[in-house]
Structure formats: C-alpha cells, structure tokens
Amino acid sequence: MKTKGALLYEPNTDWKVEEIEIGDPVAGEVQVRLAATGLCHSDEHVRTGANTVPVYPVLGGHEGAGVVTRVGPGVVGLQEGDHVVLGFIPACGVCRPCSKGMQNLCDQGANLLTGKAIADDTFRITASGNPVSPMCLLGTFSPYVCVDQSSVIKIEKDVDLATAALLGCGVSTGWGSTASIGGTKAGDVVVVVGVGGVGINAVQGAAAGGARMVVAVDPVAYKREWAMEFGATHTFSSMSEALEPLRDLTWGTMADTVALTVGELEGDMIQPALDLTAKGGQVVVTAIADMQQIDAKVGLFELALLQKRIQGAIFGGISPRTQIPRLLDEYRAGRLKLDELVTRTYTLEEINQGYQDMRDGKNLRGVVRYTEADW
C-alpha cells in the first residue's frame, strides 16, 4: 500500500514527509493502522549521527499503538480489529534470552538497525523504488506499519490508543529502570538523572516501588517542577549540586539506585553517578550514548572496595509482553500517570518542530496523532 512517512536521508538533516510504499503482510506479519507515535530521543540520535544505520533513508519512529488491519499467514493470537502496542524490541518467546524471561534481550533484536524484516530478510518499505530502513523494524513515523508478530503486544480496548502508544518505549523503559531492573524497595533512596520522556517514568517507577526519597536531577526548571508532580521528593539541577544535600538527607549513606536517563550519555557522567551511590548500590545506565563512545571515567578503587555496581538496562530490563499489560493495570488503578506525560501533540508534517521542542526542553513527551486524513 502507498502511504506517507517521515524519512531521514542522512544525519544532521531534517525529517522529510514523503510518499512511501509498504509491503503486504507475509507469513508472521501484521499490518497496523496507528493512532499515534511518540517522539523519542533515540530517533534524534539517528538524526544527529550519534547512532547510524547501514541503509538510508530511515523511516523513523519506534513507539506506537494502533489497530490491526491485516493479518498474514501463520500469525498466532492476533486478528483484525485487535488493539495493539508495538514493542521497539521484538520478543520471539523461543530464543535463549526469551526462554530465560529476558524478552527485552530477544535475539531478534540483533537486526533492529538493519532495516530488513524478520520474516523474510527483505526491505518491506520503499520510497521512489529504493529500500527504506524502518527504525527498530517498526517505522512508526507513518500512519501504517507492517511488522512481525513478535513486535506486537495485544491490549484491551478500553484505553485510548494514543495514550497506550507511550508504553512501547518511554514509559516501560523508564519505569523498569527503577522499579524492575532497579529493584526499588520500600524505604530506598533513588536518584533519577535526566527527567525527560524516559526519566519522568523512572521517577514514577521509584515512587511506586515505595522509595522514601526520589531525587530528580535535571538542568531544566520546568522538568524539575513536573518531576514533583510525578513522585519526586527533591530536585536539583545537576549531580554536583545534589551531592552534599543528598549526603545530609541520607545521613551519609547516599542512594540505593542512581538511574542515568539523560538524553545522551557521556562517559564522564558515570563517576558522578557513582559518587551519589551508596555502598552496595547501583548505577542503572539506561541512557544511550554515541555508538563510538567507549571511554568512561570510573574510580576503580571505590568500585571494588564499596561494592558498587554499574548495570546496563534496555527496555527497562522488562519483558514487554507481561510488563505492558501490567502497566496498563497500574494506569487504570490511578498509580501510573500516562495522559499527563503528553505535553503537546503534532501532525506528522510538524515532526521537525516536535523535535525542536524536545531539544529546547519544552516537552516531557511530544506525540504525533494520526487522524482519518492520514489513513
């Protein structure tokens, strides 16, 4: 089918909304008409060249929800009319990580940036006859997608799809960074560094886990104010500013978990995060760095003698097929704020303005809403 999509032809250029052609579902695939897509920072990394893909142009977007409109042969558990959230990492359910309960590390994720479909290893999207790489094999900067069933999580129909779209990346990743892989327990002290679309949900996850202190660190005053609405107990503009007050607040013990959820990770952020961390505590590294970034400053003496940990995290360390429905239950119960996350909605044609607003620190989460005019 022919539709439109926001394409990136090379790094450091704008997204261009153009006509694209999406292949029909083959075995194991479904077509989904999207209601909305979130504007996530990971797509900005591709735009800046911090993360690159083998084949350009790129059809951006990896956070979306919609309605199944077509089902390919052999698809199990999905049918036309189902409401679904797209997971930015597929979960096949049978590979070794999936079998061990680590769906967020599914082996099919190895092909996420190749642009080639899981089903048949071909480019399923073209523009002017040329292959297009959909971001995370989704490409939600288009009102229609054709994706593998392993990337699709069925949900109930009582939740607005534009709200549910946020669960496909930012909410699940942030919440899991503190509540799941972070393991927040009642009475813990948690520091969240970077309170954007991911970090604000790390604040929510820590508060839901029973943390007695949730410290939000961000240079943008507006985001610090919002963090207090989402469960933070204290805020600071930088890790250095937070250091001595945190020492006083905790009687010198510091934080059980420090979650790094900044827009782009730099190697010199690790040690200041460790300085905020208690003996036996952990730094959860959720933020994405430049693919070429391999240097980090770490006090090795302190790391060993104080038994601190540096823990990587993708998708919040959660299994999306269980976590996304669970988070919807938290939303229904009033313990997870989703609607409040959306600062502004855009049309697809306004996508460059949406990312400029993100860079300017104006949004917690910008969302592109699709309408009948797009479909």
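Student: In which sense do strand 7 and strand 8 pair?
Tutor: Antiparallel, over 2 bridges. Strands pair if DSSP finds at least two bridges between them. Thr-126 stands opposite Pro-131 in strand 8. Before we go on, this is a predicted model: local features need pLDDT of at least 70, side-chain atom pairs count only at pLDDT 80 or more, and totals for chains, interfaces and linings use all residues. Residues are numbered from 1 along each chain as its sequence is written, and side-chain values use heavy atoms, with hydrogens and water left out.

Student: What order do the 6 strands of the open sheet take?
Tutor: The order is 8-7-2-1-4-9, with mixed pairing. Strands are DSSP runs of E, at least two residues, and helices runs of H or I, at least four, numbered from the N terminus.

Student: Which strands stand at the edges?
Tutor: Strand 8 (130–131) and strand 9 (133–134). Each has a single partner strand, so one side of each is left without a neighbour in the sheet.

Student: New topic. How many residues does the largest nonpolar core have?
Tutor: It has 46. A core here is a set of buried Ala, Val, Leu, Ile, Met, Phe, Trp, Tyr and Cys residues joined through side-chain atoms within 4.5 Å. Buried means under 20% relative accessible area (1.4 Å probe, protein chains only). Val-30 and Phe-141 are among those with the most contacts inside this core.

Student: Which strand gives the most to this core?
Tutor: Strand 10, with 4 residues. A second, separate core of 37 residues includes Ala-36 and Leu-327.

Technical notes. Buried < 20%, exposed > 50% of the residue type's maximum accessible area, 1.4 Å probe, protein only.
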